[in-house]
Amino acid sequence: MKSAKDLGCLIMQHAEDYELAKNGMINSGIIASKLGLSGIPEIAERILIERDLTLLEKVKCRYHISQLSSQKSVEVIKYRKEIVKFTSEVSINNLSLNENDIGDFRTFLKLSPPLRTEDDRLSLIKGINQDLIEVIVSDHKPEDEESKRLTFSQAATGASGIETLLSLALELFHNESLKLSKIIQCLTSNPAKILKIDKGSLSIGNDADFCIVDLFKPWIVKKENMISKSKNTCIEDKKLQGKVLNTYIKGVELYKC
């Protein structure tokens with residue numbers, strides 16, 4: 001942290017204590033007990049956040065918490081925001097799904113951080129609305145299907161998320177959980193400001209990276225229609241509303257629906 005301060009670098013922390021989370025596969029709780037799987041307790045996340053934000057009081061560097069997943073972590077952040085300066089993010093998976101979606105060993109929902117309770121999910125949405133969480137990310141960690149179609153303990157952790165990020169986020173707009181302006185801000189301008197890059201807005205001098213979206217276009221997630229080489233989406237057959245029609249990078253059209 002001292003070196004990061006001297007160099008002006010950003011620390012991005014995946015907050016999960018290794019010893020507390022070791023061998024864990026899903027959220028520690030009733031679902032884990034029911035399925036007979038070892039769990040990852042929320043304190044594995046919270047204890048690392050508490051440690052780092054305490055250190056941040058002494059060494060004020062640029063610090064960002066990656067992928068929050070629990071209500072307790074949001075409570076810690078709410079308290080610490082009044083004391084030190086930092087930013088944080090949440091995965092769209094943890095905003096849209098909870099541990100009940102795992103069902104009977106759906107390995108495509110073996111994620112890091114794990115899906116937690118519905119109360120945790122609602123707290124994360126509230127955290128965004130209260131400006132405690134600044135960024136929504138895709139948690140895009142593609143794996144080949146063979147590595148996911150194994151027993152839960154053997155399956156790889158992660159899922160493809162880029163292609164469904166915006167549509168899943170728009171689901172929160174359609175059910176009135178988040179305002180559209182807040183979603184756009186969390187997906188574009190806020191990450192760009194944190195990373196200090198010329199992206200995230202159409203200001204003069206910035207790269208012309210943008211997409212054209214039909215907010216109300218219905219579609220169903222089918223792995224065979226995905227462009228990503230990895231087809232291990234965790235929301236196969238999910239009905240969504242809102243779809244990207246065109247994508248431009250530096251003013252050049254690279255995708256058309």
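**Figure 1. The largest pocket holds about 1,700 Å³ of space.** A pocket here is an open set of points on a 1 Å grid over the protein atoms alone, where a 1.4 Å probe fits, with protein on both sides within 12 Å along at least five of seven lines. The volume is the space filled by probe spheres set on the points, which are joined across faces, edges and corners. This is a predicted model, so to speak of local features takes pLDDT of at least 70 and side-chain atom pairs count only at 80 or more, while totals for chains, interfaces and linings use all residues. Residues are numbered from 1 along each chain as its sequence is written, and side-chain values use heavy atoms, with hydrogens and water left out.

Figure 2. The elements that give two or more residues are β4 (62–68), β6 (135–137), α9 (162–174), α10 (180–187), α11 (189–195), β7 (210–220) and β8 (239–249). Helices (H or I, at least four residues) and strands (E, at least two) are DSSP runs, numbered from the N terminus. By type, the lining splits into 30 nonpolar, 14 polar and six charged residues; Ala, Val, Leu, Ile, Met, Phe, Trp, Tyr, Cys and Pro count as nonpolar, Asp, Glu, Lys and Arg as charged, and the others, Gly among them, as polar.

**Figure 3. The second largest pocket has a volume of about 370 Å³.** It is lined by 15 residues, with Y63, K85, F86, T87 and I194 closest to its centre. Both β4 and α11 supply at least two lining residues each, and α11 has the largest share with three. The tally here is seven nonpolar, two polar and six charged.

**Figure 4. A cis peptide bond joins S112 and P113.** Omega is about 0° at this bond. P113 lies in the loop between α6 (92–96) and α7 (118–129). Most peptide bonds are trans.

**Figure 5. K196 and D237 both have positive phi without being glycine.** Most residues other than glycine have a negative phi. For K196, phi is near 55°, and the residue lies in the loop between α11 and β7. K196 counts as exposed, at 62% relative accessibility. For D237, phi is about 70°, and its place is the loop between β7 and β8. D237 is partly exposed, with a relative accessible area of 43%. The cut-offs: buried is under 20% relative accessible area, exposed is over 50%, and partly exposed is in between (1.4 Å probe, protein chains only).

**Figure 6. Stepping back, the protein has 11 helices and nine strands.** Its radius of gyration, taken over C-alpha atoms, is 19 Å, close to the 18 Å that the globule rule gives for 257 residues, so the protein is as compact as a globular protein of that length. That rule is 2.2 Å times the number of residues to the power 0.38. The C-alpha trace spans about 50 × 50 × 30 Å along its principal axes. Buried residues make up 45% of the 257. Among contacts (heavy atoms within 4.5 Å) between residues at least 6 apart in sequence, 69% join residues at least 24 apart.

Methods: 1 Å grid on protein atoms, 1.4 Å probe; cavity = no way out; pocket = protein on both sides within 12 Å on 5 of 7 lines; lining within 4 Å.
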